[in-house]
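Please keep the sequence and the structure in view while reading.

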Amino acid sequence: MKTRTILEGCTRALVPMVPDDRQLSISSASVFYNPEMELNRDISVASIAAFSEVLASSRDLDLSEITYVDALSASGMRGLRISKEVGLNVTLNDWSEEAYNLIRENAELNDLTGKVRTCLGNANVLLHKERYNIVDIDPFGSPTTYLDAASGSAINMIAVTATDTAPLCGAHLNSGIRKYGAVPLNIEYHSEMGVRILLGMIARDLARHEKAMQPMLCHATRHYVRAYLELKKSAKKTDKCLKNMGFIAHCTSCMDRSVHYGLAVHIPEKCERCGNSTHIAGPLWLGPLHDKDFCDAVLIQLAQRELGKKEHAMKIIELCRNELDIPTFYDHHLLSKKLGISAIPMEELLKELTAQGFKASRTHFSGTSFKTNAGIEGILDTLRRFR
């Protein structure tokens with residue numbers, strides 16, 4: 001296998017070489033490296049560092065005593081960066097012998113031999129056998145086949161990536177139902193739908209292990225969803241956590257939507273606003289997606305590091321921090337089109353909603369998305385004023 005050396009953060013790594021550098025992913029046999037995920041890894045380093053510092057302080061631990069596993073390591077880039085740039089006790093695992101050997105080479109390249117533990121085997125087998133403070137699951141595609149093992153293994157945090165956004169967001173409906181045990185809807189807030197479907201699946205997997213989750217940071221960026229979840233082991237806390245589960249009823253006719261908490265609830269078949277049939281999504285997570293204090297800590301970590309995607313990463317986290325904790329966003333351009341008017345600047349719309357006593361914010365999901373507690377009628381009334 002031919003390789004070339006790259007640099008991310010302050011970590012060097014050998015990755016498979018392909019003839020065309022314009023390709024988004026670089027792979028050889030069973031070793032995979034995606035340069036487009038550098039942003040994801042930059043945010044991972046900052047997020048894991050922010051969480052680990054709080055955990056170390058609260059438990060009177062050294063960072064090197066906090067255990068972290070990247071169960072699907074491929075080239076090992078993410079875990080190597082966590083070891084070198086954060087200082088945790090890192091385990092890197094992959095089922096491919098080719099990947100395993102490359103990880104060992106990359107550990108030596110970064111003077112991490114003896115500091116990073118490398119394993120060759122099935123991710124689920126490893127996670128069922130061992131427990132770690134932080135478990136990171138970043139597969140190619142859906143994480144669902146690893147969630148039960150990861151839920152049992154993780155003590156304090158679980159970090160999960162899903163790149164199968166078509167099933168998550170409702171574009172491939174039957175696949176989403178099969179993989180996530182929920183009905184997703186392919187509607188204007190499909191990216192947020194994907195985040196909440198994924199979190200709902202994780203919450204139910206954790207519940208079987210009597211573990212409650214608190215989302216610290218969850219974002220949908222380009223072709224993937226990424227979630228960082230703090231865990232608490234307690235049956236009572238798990239029961240309380242599951243109260244954040246429920247359903248969304250969406251009317252494609254008038255764009256109204258309502259949320260219904262619970263796993264066995266009555267949901268009206270007709271839209272209360274226009275009388276047309278509603279479409280039901282769920283079960284999914286209806287609770288908060290972000291913790292503001294955690295986002296602040298991640299921003300501090302990003303600011304003090306030399307990272308290739310620093311500015312983009314900070315923009316995402318700032319938007320997440322300031323995003324209202326309200327299920328489902330609205331698309332400004334779609335609403336304006338429905339009214340037959342030109343879209344006004346987003347800041348003007350948010351300012352007008354706020355002046356009327358509503359809460360309103362941008363979101364990280366897209367440049368045209370916003371959240372508000374005004375409801376669809378209040379939003380449309382506001383937009384009509386700009387005709």
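Cys320 is buried, with a relative accessible area of 0%. The model is a predicted one, and the values below are computed from it.

Cys320 takes part in no disulfide, and the nearest cysteine sulfur, that of Cys295, is 5.9 Å away. Cys251 is also buried, at 1% relative accessibility. How far is the sulfur of Cys251 from the closest cysteine sulfur? The distance is 3.4 Å, to the sulfur of Cys274, and this is too far for a bond, because a disulfide requires the two sulfur atoms to be within 2.5 Å. By this rule the number of disulfides is zero.

**Helix α13**

Helix α13 spans residues 346–355, and its buried residues include Met346, Leu349, Leu350 and Leu353. Viewed down the axis of α13, the buried residues fall within an arc of 95°, so they line one face of the helix. Which exposed residues sit on the face of α13 turned away from its buried side? They are Lys351 and Ala355.

The cover over the buried residues of α13 comes from several elements, among them the helices α12 (332–339) and α14 (375–384) and the strands β16 (360–362) and β17 (369–372). After α13 comes Gly357, which has a positive phi, near 95°.

**Salt bridges**

Side chains of opposite charge can pair when their charged atoms come close. The structure holds 20 salt bridges.

| Pair | N to O distance |
|---|---|
| Arg41 and Glu8 | 2.7 Å |
| Arg222 and Glu36 | 2.4 Å |
| Asp164 and Lys179 | 3.8 Å |

The side chains of Arg41 and Glu8 meet in a salt bridge. Arg41 belongs to helix α1 (residues 38–59) and Glu8 to strand β1 (residues 3–8), so the pair ties together parts that are 33 residues apart in sequence. Are these two residues buried or exposed? Arg41 is buried, and Glu8 is buried as well.

The side chains of Arg222 and Glu36 form another salt bridge. The two residues lie 186 residues apart, and the pair links distant parts of the chain. Arg222 is in the loop between β10 (211–221) and β11 (224–233), while Glu36 is in the loop between β4 (31–33) and α1. Arg222 is exposed, with a relative accessible area of 65%, and Glu36 is partly exposed, with 29%.

Asp164 and Lys179 also meet through their side chains in a salt bridge. Asp164 sits in the loop between β9 (154–162) and α6 (165–168), and Lys179 in helix α7 (residues 173–180), 15 residues apart. Asp164 counts as buried at 9% relative accessibility, whereas Lys179 counts as partly exposed at 32%.

Some salt bridges share partners: Glu8, Arg41, Asp42, Arg81 and Glu85 are joined in this way into one network.

**The seven-stranded sheet**

In what order do the strands of the open sheet of seven strands run? The order is β7-β6-β5-β8-β9-β11-β10, and the pairing is mixed. From one strand to the next, the twist averages 15°.

Strand β6 (residues 89–94) runs parallel to β7, and five bridges join the two. Leu92 has Thr118, in β7, as its bridge partner. Helix α3 (residues 97–109) packs on the sheet and touches β6 and β7. The direction of α3 makes about 170° with that of β7.

**Pro268**

Where is Pro268 found? This residue lies in the loop between β13 (257–261) and β14 (279–285). Pro268 counts as partly exposed, at 25% relative accessibility. Leaving aside residues up to four places away in sequence, Pro268 touches His260 and Thr278. The C-alpha atoms of Pro268 and Glu306 are separated by 52 Å, and these residues are 38 residues apart along the chain.

Terms used
Residues numbered from 1 in each chain as written. Predicted model: local features only at pLDDT ≥ 70, side-chain atom pairs only at ≥ 80, totals over all residues. Heavy atoms only, no water. Buried < 20%, exposed > 50% of the residue type's maximum accessible area, 1.4 Å probe, protein only. Helix = DSSP H or I, 4+ residues; strand = E, 2+ residues; numbered from the N terminus. Arc of directions from axis to C-beta. Contact = heavy atoms within 4.5 Å. Salt bridge = Lys/Arg side-chain N within 4 Å of Asp/Glu carboxyl O. Pairing = 2+ DSSP bridges. Axes fitted to C-alpha atoms, helices over the stretch in contact; angles between N-to-C directions.
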